[in-house]
Each structure stands twice: as C-alpha cells, then as structure tokens.
Amino acid sequence: HSDKQTLLYVNLEIVIMGNLIKVLTRDIDNNAGNFFLDFENAQPTEAERAVWEQVNEVLMEALAILDDLQSYNGAGEEIRQAIQNPSEDQVQERAWAAVVPLVGKLKKFYEFSLRLEGSLHGLLKALTSARCSPTQHLEQEQALARQFAEILHFTLRFDELKMTNPAIQNDFSYYRRTLNRMRINNVAAEEENEVNNELANRMSLFYANATPMLKTLSDATTKFVSDNTDLPIENTTDCLCTMASVCKVMLETPEYRSRFASEDTVSFCLRVMVGVIILYDYVHPAGAFVKSSKIEMKGCIKVLKDQPQSSVEGLLNALRYTTKHLNDETTSKQIKNMLQVN
C-alpha cells in the first residue's frame with residue numbers, strides 16, 4: 001500500500017474503544033500520540049471509579065479555589081494606612097481585621113495543595129502500574145487521564161493567577177510581621193489566630209515560590225518515583241511524554257482539533273502539554289530538553305508559538321522559568337533560541 005491508501009484504509013476502520021478514538025494507526029505503542037484523547041467527555045469505567053471519585057472531590061474544590069483566587073483583591077490600602085500611621089490603634093486594627101480573613105483564604109489554598117498532592121499519588125499509581133504500557137493506560141483509563149490533565153490545568157492556572165497578584169505576598173508578609181509583634185507584646189495572641197507561627201512558616205515557603213502549585217506537583221511526582229522503587233522510572237516518564245505527545249498531535253492536527261466542542265479545550269490541551277513537560281523535566285534524570293528526550297520539544301514549542309501570543313505567553317514563561325534543565329549545556333541552541341523572549 002502507498003501511505004495514502006494505508007491512511008484511507010485505516011481511517012475507514014476508525015476504532016472507538018471506550019471514549020478513545022484511535023486514528024491513523026493500529027500499532028499504537030510505536031506511534032504514541034496518534035490517537036484522540038477525549039478530554040471533553042471521558043467517563044470512568046467501573047475499574048476506574050474508586051480512584052476517579054476520590055480525585056473528583058478534590059477537582060470540584062479546585063474550581064472554587066480558582067474562583068476565590070481570581071477574586072482575591074488584597075488589603076493593600078488598609079496596610080498602606082497602617083504603615084503610614086503606626087501609632088493610630090484604630091488604623092492598625094482596621095488593617096488587621098482586613099488581613100486576617102484573607103490569610104484564612106491563603107491557608108485554604110495551601111491546605112488544598114496538600115490534598116492535591118494526595119490525589120496525584122492515587123492517579124499516578126493507577127496510570128503507571130506495570131500491568132500495561134503507558135499508552136494502553138491512557139487508552140483504557142481515559143477518565144483518569146482526563147483528571148490528571150485537569151490537575152495540571154488547575155496547577156498552571158493557579159500559578160498564573162498567583163504570579164500576577166502581588167497582594168498575596170504583601171498581605172501575608174504584613175500578617176507575619178504583625179503576628180511577630182503581637183507575640184512579643186502578648187503571647188496569648190498566637191492561639192487566637194487561625195494561622196499560628198509554625199503554619200505561617202510552612203505557608204511562607206509555599207508562597208515564596210513563583211509557581212507554588214507546580215512545585216507541589218513536581219515534588220509530589222518526584223517523591224512518587226522515589227517511594228515506588230519497584231516501579232521503573234520509565235513507567236512514570238513514559239506516561240508523561242505520551243500525554244505531551246497526544247496533546248501536541250491533537251493541537252496540530254486540524255482533523256482532531258475540529259472535534260473539540262469548545263474552544264476552551266484548546267487552552268486546556270496547551271496547559272496540559274506544558275504541565276507534563278515540566279513534570280517530565282523534573283522527574284527524568286536528564287530532563288525534557290536533552291536530545292534523547294522522548295518529548296518532541298521543538299514540535300511542542302512550535303505548537304505553542306502558533307497560537308495567539310497573548311494566550312500562550314504565560315505558558316512559554318512557564319517553560320522558560322520553571323523548568324529544571326532548559327539552561328543545561330545539553331539543551332540545543334535551537335530550543336534555547338525558540339524560547340528566547342522576543
């Protein structure tokens with residue numbers, strides 16, 4: 001057969017397995033990425049249900065967390081007044097009253113990151129088990145793959161919002177300074193506050209990071225690999241690179257892209273692709289940018305750069321500034337040039 005005939009022949013035999021639409025090839029493991037992952041409609045099978053339900057609870061909360069973060073305005077004005085009028089008790093009290101509920105929100109976000117870590121472990125356990133190949137996992141466990149994608153999507157969205165909101169750091173710094181002052185003046189104040197000093201220290205480390213949720217996720221993935229020594233690291237890295245490949249192919253192939261019911265699915269796929277690249281870069285000893293990497297980095301960057309710049313600048317910055325190996329000597333000049341800021 002000529003390639004065209006083969007393509008026509010296989011296209012006539014499109015096989016729908018679960019919600020996975022395999023196109024172009026039967027030999028799926030040698031052609032990772034040549035299939036359509038149904039991020040919009042995948043529903044859990046009975047085998048997936050227990051893990052899916054646990055993760056689903058966390059994902060429902062993730063939506064509320066993003067809403068809360070999006071509407072987070074901070075107590076900038078009250079803090080400014082308090083700093084300018086240090087001896088006016090009423091102004092100090094007003095600033096403290098404005099900051100405390102906001103720090104309650106920040107505590108909620110931080111505690112959520114710990115729950116997200118637990119969910120990720122459950123998903124990775126299911127998607128990397130040795131019973132079948134990474135591609136077969138994604139093929140047979142579409143709903144779990146979709147949840148993993150949703151966690152990545154949430155993570156990058158959370159970090160984008162956090163990075164563009166300086167009020168978070170300012171409010172928290174003011175809270176800690178005031179808490180320390182209260183502790184010096186009145187030891188009892190510590191117990192009355194929602195966030196005590198020990199928790200404030202942990203939260204401070206979390207928020208000091210430019211991309212706190214991504215750090216949580218990459219640390220959790222690295223920990224998953226080191227905790228599960230019986231599981232070859234390839235089970236995890238191959239799962240990540242297969243997902244990156246699937247997203248890339250779906251985005252660059254008009255035939256697949258036209259199946260997305262919503263334009264939001266495009267930005268979802270882009271975020272997921274970037275998220276798995278970053279995780280792969282942390283987990284794989286040589287990283288994602290080395291020549292031998294299983295992720296086709298040039299193609300992934302090209303897909304990003306083919307989108308309207310305003311919609312992907314945050315994602316390109318995530319690759320530029322939050323990956324581990326981009327600036328290694330093993331990264332080709334071409335990839336570094338592609339990611340240079342214009």
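**Cavities, pocket and packing**

Mentor: Start inside. H6 and helix H15 (309-322) each give at least two residues to the lining of the largest cavity. Helices here are DSSP runs (H or I, at least four residues), numbered from the N terminus.

Trainee: What kind of model is this?

Mentor: It is predicted: local features need pLDDT of at least 70, side-chain atom pairs pLDDT 80 or more, while totals for chains, interfaces and linings use all residues. Numbering starts from 1 along each chain as its sequence is written, and side-chain values use heavy atoms, without hydrogens and water.

Trainee: How many cavities of 30 Å³ or more are there?

Mentor: The structure has 2. A cavity is a set of points on a 1 Å grid over the protein atoms alone where a 1.4 Å probe fits but cannot get out; lining residues have an atom within 4 Å of a point.

Trainee: How much space is in the largest cavity?

Mentor: About 60 Å³, counted as space filled by probe spheres set on grid points joined across faces, edges and corners.

Trainee: Which residues line the largest cavity?

Mentor: Leu 156, Asp 159, Glu 160, Met 163, Thr 211, Leu 214, Gly 314, Leu 315 and Ala 318. H6 contributes the most, 4 residues. By class, the lining of the largest cavity has 5 nonpolar, 2 polar and 2 charged residues. Ala, Val, Leu, Ile, Met, Phe, Trp, Tyr, Cys and Pro are nonpolar, Asp, Glu, Lys and Arg charged, others polar.

Trainee: Now the largest pocket. How much space lies in it?

Mentor: About 370 Å³. It has 17 lining residues, and those closest to its centre are Leu 59, Leu 63, Arg 146, Glu 150 and Phe 268. A pocket is an open set with protein on both sides within 12 Å along at least five of seven lines.

Trainee: Which helices supply at least two residues each of that pocket's lining?

Mentor: H2 (46-70) and H6 (142-163). H2 has the largest share, 8 residues. The pocket lining holds 10 nonpolar, 4 polar and 3 charged residues.

Trainee: At what angle do H2 and H4 cross?

Mentor: Roughly 150°, with the axes of H2 and H4 (residues 89-127) coming within 10 Å. Axes are fitted to C-alpha atoms over the stretch in contact, and angles run from 0 to 180 degrees between N-to-C directions. The two helices are therefore roughly antiparallel (over 145 degrees).

Trainee: Which residues make the contact?

Mentor: Among them are Val 51, Val 55 and Leu 69 of H2, and Phe 109, Phe 112 and Leu 123 of H4. Contact means heavy atoms within 4.5 Å. This H2 and H4 contact has 10 nonpolar, 2 polar and 5 charged residues.

Terms used. Angles under 35 degrees count as roughly parallel, over 145 as roughly antiparallel, 65 to 115 as roughly perpendicular and the rest as oblique.
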